[in-house]
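Here are my notes on the two-chain model you passed along.

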Amino acid sequence: MKRLAALLATVALLAVAEPLPSPLHDEDIPRILAFGPWPPPLQPDPSNRVWGQPAAIDFGRTLFHTPALSANGRIACASCHQAASGFSDGLPRGVGLARGDRNTLALHDLDLQRWFGWDGANDNLWAQSLRPLLDAREMGGSLASVAATVRDTPALRQGYTAAFGQPPGPDDERVAVDVAKALAAWQATLRSGRTPFDEFRDAVARGDREAAARYPQAAQRGLALFLGRGRCYTCHLGPSFSNGEFHDLGLPHFAEPGRVDPGRHGGIRKLLLSRYNLLGPFNDDPTRSTATPTVHVALEHRHYGEFKVPSLRNLRLSAPYFHDGSAATLREVLRHYSELNEERLHADGEKLLVPLRLSPQETEDLLAFLDSLNDTP
Amino acid sequence: MRQWLLAAALAGGAASAWACGESLGAGRQTLAADGWQVAWRAAPSPVPVGKHFALDIALCAPAGQALPATLRVDATMPEHKHGMNYRPSVQARGAGLFRAEGLMFHMPGRWELVFEWRDAAGTPRRQSQALTVQ
């Protein structure tokens, strides 16, 4: 306890030792520390019996990059999840066989997620990996076509056999789910790297004034705003900078004129109907040890128009932003929060979001902070 | 605090407040009103933000009154006018002991933890506790 007090006292000195008065306060320290440490160890997924197995990871990497699983033989997972774009595609809305309703989510740190997709319609990574294979607007396959492709393509058949210890059997659904589990095994390894913020956070943790002072002042001011008046911390918390849940940001509710995107409300409905959720027959964990969220998730009217709180790590590569890709840049994201249209928020919804009315300097500071969450210079 | 709990307990003709939920061990918190007491302990403790947690609960009735077979547990964030995104399940374990699972506070701030039940006469009973999580 004495050691902790000494540490905090040392850290508190940061505020007065800086050339410029530090905008951060002692009460910010626990919150700053809670953004790490980074990277955390990979979290096992007991619902996927091949999680962490090298042969399955190799097979998953191959599957991710092959177009053979799509209906027209030309679209791979990697077509929309491009490594150079943070495993996103740079488009406002994903385009597979047809244009989708939502922005393509970046793929990293997936083992830390509770729900998958902007609406959280899946509670595990392998179900989320199966979805685009079968979606008519994405890869347009079927359980039968996916299974047949794996059986009939020598390299895929060999990869399946290595990953699962036996060649693909006659049950199409079983083979397709196994394909998704191999895809998940590979994607779960995509851990984002350490960032300038992580260096600052660790310096704060060990009371290293000199190292902490190297974190740019603009980023410190942005962090103070993030934790303070901006209230960003309310949803963007923890090592992933996300609470893993869903919120209404006052964005337009229409996927296209006349058609509403129900967001989380639709996601929960899909989840509960899915054969591939953690309560279903394909969970490899007989104890259902990770199914608590699915058992208890509540479907309520307020979930209409709510979308997932994304991680804020590595945002630089994954523009555009928001579930509908309506913000081309992070500056536009901040403008949204600055000029928020409160009439678009549900009348009975959260009284949390108010227009921030950011000054130009505050906008620059928040951008500096967000930029410090990238793992590449 | 201990004297206040004792006074509240005696006013309701119940067992002493610190005896209620003794089996929950150290770290339990106790609410008392109208002779009823609710003792609870979170697992994990302290309650984390953005992660599921469970509650072990002991409900103690005033002397001579029967314990209910069921108990309802919920939580809301009054300032934000919303509840949890999850509906907890509550399992009765006998002798006034319950286990609530599936709770999650998805935001930091002030939450109100609510316990509701009906007494033997069918009268609704409610006790709540404010919790600030960071």
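1. Helices (H or I, at least four residues) and strands (E, at least two) are DSSP runs, numbered from the N terminus.

2. Housekeeping: this is a predicted model, where local features need pLDDT of at least 70 and side-chain atom pairs count only at pLDDT 80 or more, while totals for chains, interfaces and linings use all residues. Residues are numbered from 1 along each chain as its sequence is written, and chains are lettered from A and ligands numbered from 1 in the order in which they are written.

3. Chain A carries 15 helices and four strands. Along the principal axes, the C-alpha atoms of chain A fill a box of roughly 70 × 50 × 35 Å. Of the 377 residues in chain A, 44% are buried.

4. Have a look at helix H8 of chain A, residues 172-187. From first C-alpha to last, H8(A) reaches 23 Å, close to the expected 22 Å, where the expectation is 1.5 Å times one less than the number of residues. Since 13 of its 16 residues are buried, H8(A) is largely enclosed by the rest of the structure.

5. Five strands of chain B make an open antiparallel sheet, ordered E1-E2-E3-E7-E6; strands count as paired if DSSP finds at least two bridges between them. At the edges sit E1 (29-33) and E6 (89-94) of chain B, each pairing on one side only. Within chain B, E2 (residues 36-43) and E3 (residues 52-60) are antiparallel and joined by seven bridges. B:Arg41 stands opposite B:Asp56 in E3(B).

6. Which residues meet across the two chains, by number? 18 residues of chain B are in contact with 21 residues of chain A, contact being C-beta atoms, placed from the backbone, within 7 Å.

Conventions: A residue is buried if 20 or more other C-beta atoms lie within 10 Å of its own, exposed if 12 or fewer, and partly exposed in between; C-beta atoms are placed from the backbone. Two residues are in contact if their C-beta atoms, placed from the backbone, lie within 7 Å.
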